[in-house]
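Please look over the sequence and the model shown here before reading the report. The headings below take up the sheet, the pocket and the backbone in turn.

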Amino acid sequence: TKSIALICTSCDELVPGAKTGAWLEEVAEPYYIARSAGIKVTIVSIKGGAVPIDPASESGDFFTPSCAKFKEDEEAMDALRNSAELGSVSADAFDGAYLAGGHGTCVDFYKNAALGAFVSAMYAAGKPVAADCHGPIALLGCTKPNGEPLVKGLKVTGFSDSEEAAVGLTDKVPELIETAMKAQGGLYTATADWTPNAVVDGNLVTGQNPASSTACANAFVELLA
């Protein structure tokens with residue numbers, strides 16, 4: 001049986017007083033798509049324990065059928081409340097890693113040396129690595145075995161600068177994913193705001209936004225087959 005780490009943020013604030021966390025759809029989609037393919041899913045977070053969920057991801061159109069299913073799924077919610085701490089798990093123990101998004105990642109995925117090492121090791125071993133929406137902010141701290149930025153020369157995507165402007169957080173995030181990926185030599189492409197876009201290059205899969213979570217998870221699972 002294949003086994004993956006579904007890595008989530010432990011941070012519930014981007015700026016004081018503004019609640020954020022992991023984006024529920026970006027956790028629920030890969031969770032169910034991987035499990036339906038017979039893959040064991042371990043929810044991992046930076047600090048371990050309960051993963052905070054961005055309240056906005058539980059409202060309106062963002063609260064998708066998979067989100068509703070997840071919230072009513074006792075096993076899934078238990079895994080979310082009792083996530084494994086990143087520092088307690090080894091990249092060797094998994095066949096792939098999936099980095100869920102949500103603005104919380106802009107705090108604790110960003111320039112996180114332990115996460116960078118974990119993902120870089122996974123990539124170097126030829127194992128599938130996926131990151132959706134703000135999850136790709138972790139890739140900025142990852143390297144290829146030769147020391148170059150992981151995204152250099154690779155086709156990638158992630159939350160676009162125009163999407164960040166649309167949610168009014170351009171000045172609040174530590175770095176704009178699109179701008180930063182291009183600066184590292186990544187071959188970044190985006191589609192129109194809020195439309196699905198998943199990009200595969202070798203064993204790296206990236207998704208642009210919440211709407212890309214299904215396509216991103218499907219592409220990731222295909223690489224694990």
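## Basis of the description

This is a predicted model, in which local features need pLDDT of at least 70 and side-chain atom pairs count only at pLDDT 80 or more, while totals for chains, interfaces and linings use all residues. Residues are numbered from 1 along each chain as its sequence is written, and side-chain values use heavy atoms, with hydrogens and water left out.

## The sheet and its order

Seven strands form an open sheet of mixed pairing, in the order β5-β4-β1-β6-β7-β11-β10. Its edge strands are β5 (84-85) and β10, each of which pairs on one side only. Strands here are DSSP runs of E with at least two residues, and helices are runs of H or I with at least four, both numbered from the N terminus; two strands pair if DSSP finds at least two bridges between them.

β1 and β4 pair in the parallel sense over six bridges, and Ile4 has Val41 of β4 as its bridge partner. β4 also pairs with β5 in the parallel sense, over two bridges, with Ser45 opposite Glu85 of β5. Five of the six residues of β4 are buried, so this strand is largely enclosed by the rest of the structure; buried means under 20% relative accessible area, exposed over 50% and partly exposed in between, with a 1.4 Å probe and protein chains only.

Helix α1 (residues 24-36) lies across β1 (3-8), β4 (40-45), β6 (96-99) and β7, and runs at about 175 degrees to β1. Contact means heavy atoms within 4.5 Å, and the axes are lines fitted to C-alpha atoms, for helices over the stretch in contact, with angles from 0 to 180 degrees between N-to-C directions.

Strand β7 (residues 129-132) and β11 pair in the parallel sense over four bridges, and Asp132 stands opposite Gly207 in β11. On the β10 side, four bridges join β10 to β11 (residues 204-207) in an antiparallel arrangement, with Val205 of β11 as the bridge partner of Val200. β10 and β11 form a hairpin with two residues between them, and Gly202 in the turn has a positive phi of about 65 degrees.

## The largest pocket

The largest pocket holds about 270 Å³ of space. Its lining comprises 19 residues, of which Trp23, Asp54, His103, Val167 and Leu169 lie nearest its centre, and β2 (13-15) and β3 (18-19) each supply at least two residues of this lining.

A pocket is an open set of points on a 1 Å grid over the protein atoms alone, where a 1.4 Å probe fits, with protein on both sides within 12 Å along at least five of seven lines, and lining residues have an atom within 4 Å of a point. The volume is the space filled by probe spheres set on the points.

Most residues other than glycine have a negative phi. Lys111, in the loop between α4 (105-108) and α5 (113-124), has a positive phi near 50 degrees, and at 66% relative accessibility Lys111 counts as exposed. Trp194, in the loop between β9 (187-188) and β10, likewise has a positive phi, of about 65 degrees, and counts as partly exposed at 37% relative accessibility.
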